[in-house]
Amino acid sequence: MRAWHGPAILSYGFRPFFLGGSCWAAMAMVLWIAMLTGYLALPTAFDPVSWHAHEFLYGYLGAVAAGFLLTAVPNWTGRLPIVGWRLGGLAALWLAGRLMAAVSGGLPVWLVAAIDLAFPLVLALAIGREIIAGRNWRNLIVLAMLTVLALGNAVFHWEAANGYHAAQGAGLRIGLGTGIMMIAVIGGRIIPSFTRNWMVRRGEAFLPVPPMQRFDRLALIALLAALLVWVIRPEAIASGIALLVVGGMHLVRLARWRGHRTFAEPLVLVLHVSYLFLPLGALAIGAEILLPGTFGQAASLHLWTSGAIGMMTLAVMTRATLGHTGQALTAGSTTVAIYVSIALATLVRVCAGYWPEAASWLHPLAGLAFVLAFMGFALAYGPALLRPRRRN
């Protein structure tokens, strides 16, 4: 570790971005509900739905990706982490992007896009420098996904500026597809590893299949191909069939990690439940493409956004915060309540698409559960993120 004697929140990458990301996810949802019900009109150039989608994918997910990578890359490369005012500068860039997106209505399009894109581009340069200097070539795929996420954000801004409904455009699909690919790649490493470690400590005989076997690589290649087709031709029959196929493949992949044996520890179980939303989302989106009206497009997409991305990021944030602040790796009642809240938010939002006559009260209920999940994380884990690591 580099010596750092300033505020503890700038002593490691996960601290400012996990806390800032969770607070922003909750705040943005409150603002979105106020916009949806007519109580608020933000001075943003985005239409309300596009702002909501942008701030979850490129605001919240961007923050969590930064926190995870700035913490994980030093472990991968053996190099010192980015701390102190350099870390604070990255966090300031992220905050500037959120402000620009919210008040972009009276500002030049190029200025808003430049400030918002500054954070992911600077982050990609910083991560790339560490990976290359550490000769950690196997993780160049992570750098590639981070770069594609920045590209998706640029496309989103371009579509919004040129009169397209960006919430249904290629920019959203690029960002969402990249988020799902991140879960498939990184989740495919950590879920079987963490599960195996936990089961070994319990003396279990039948352990998960080790990560990144031949079938895993095949499933990842198939997912990448399906996502590319979906991004380019979202309504094509080929997209629907490809998503159904990869949905089945990733259900098999998940089953190989023996999540059904982890009910005794919610901190491990939640990783499996989170990943389950990946194939469920692929199956629902594929079915909606082939048989429109089956689940509803927005409801199907929320299996990926709120379910896979929302729950997986909360699962990773809770585990990483506990581990890196010197606490026991076990989920208490408050942490379980966070997991239940995000699961409820996802399921209620999906029901709103399937039961449109009840959407007027299901949408606010899903939003409330979403806010409780992320505000719950900020309140429960914020103190540990703000103070120095506990010494055992």
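In which kind of crossing does helix 2 pass helix 10, left-handed or right-handed? Let's find out on screen, keeping in mind that this is a predicted model.

**Stop 1: two helices.** Select residues 48-77, which make up helix 2, and residues 297-324, which make up helix 10. Their axes come within 11 Å and cross at roughly 35 degrees. Helix 2 goes past helix 10 in a left-handed crossing, so there's the reply to the opening question, by the rule that left-handed means the near helix is turned anticlockwise from the far one by less than a right angle.

**Stop 2: where they touch.** Now show side chains.

**Stop 3: the core.** Next, select Phe17, Trp51, Trp230 and Trp304, the residues with the most contacts inside the largest nonpolar core, which has 112 residues. Helix 2 shows up again here: it gives the most to this core, with 15 residues. Zoom in on Trp230, and you'll find it touching Trp304, along with others including Arg173, Leu243, Ile285 and Leu301. Then hop over to a second, separate core of six residues, with Val348, Ala359, Leu362 and Ala366 among them.

**Stop 4: cysteines.** Finally, click on Cys23, which counts as partly exposed because its relative accessibility is 26%. Cys351 is partly exposed as well, at 41%.

How values were computed: Residues are numbered from 1 along each chain as its sequence is written. This is a predicted model: local features need pLDDT of at least 70, side-chain atom pairs count only at pLDDT 80 or more; totals for chains, interfaces and linings use all residues. Side-chain values use heavy atoms; hydrogens and water are left out. Axes are lines fitted to C-alpha atoms, for helices over the stretch in contact, and angles run from 0 to 180 degrees between N-to-C directions. Helices (H or I, at least four residues) and strands (E, at least two) are DSSP runs, numbered from the N terminus. Buried means under 20% relative accessible area, exposed over 50%, partly exposed in between (1.4 Å probe, protein chains only). A nonpolar core is a set of buried Ala, Val, Leu, Ile, Met, Phe, Trp, Tyr and Cys residues joined through side-chain atoms within 4.5 Å. Contact means heavy atoms within 4.5 Å. Lists of a residue's contacts leave out its neighbours within four places in sequence.
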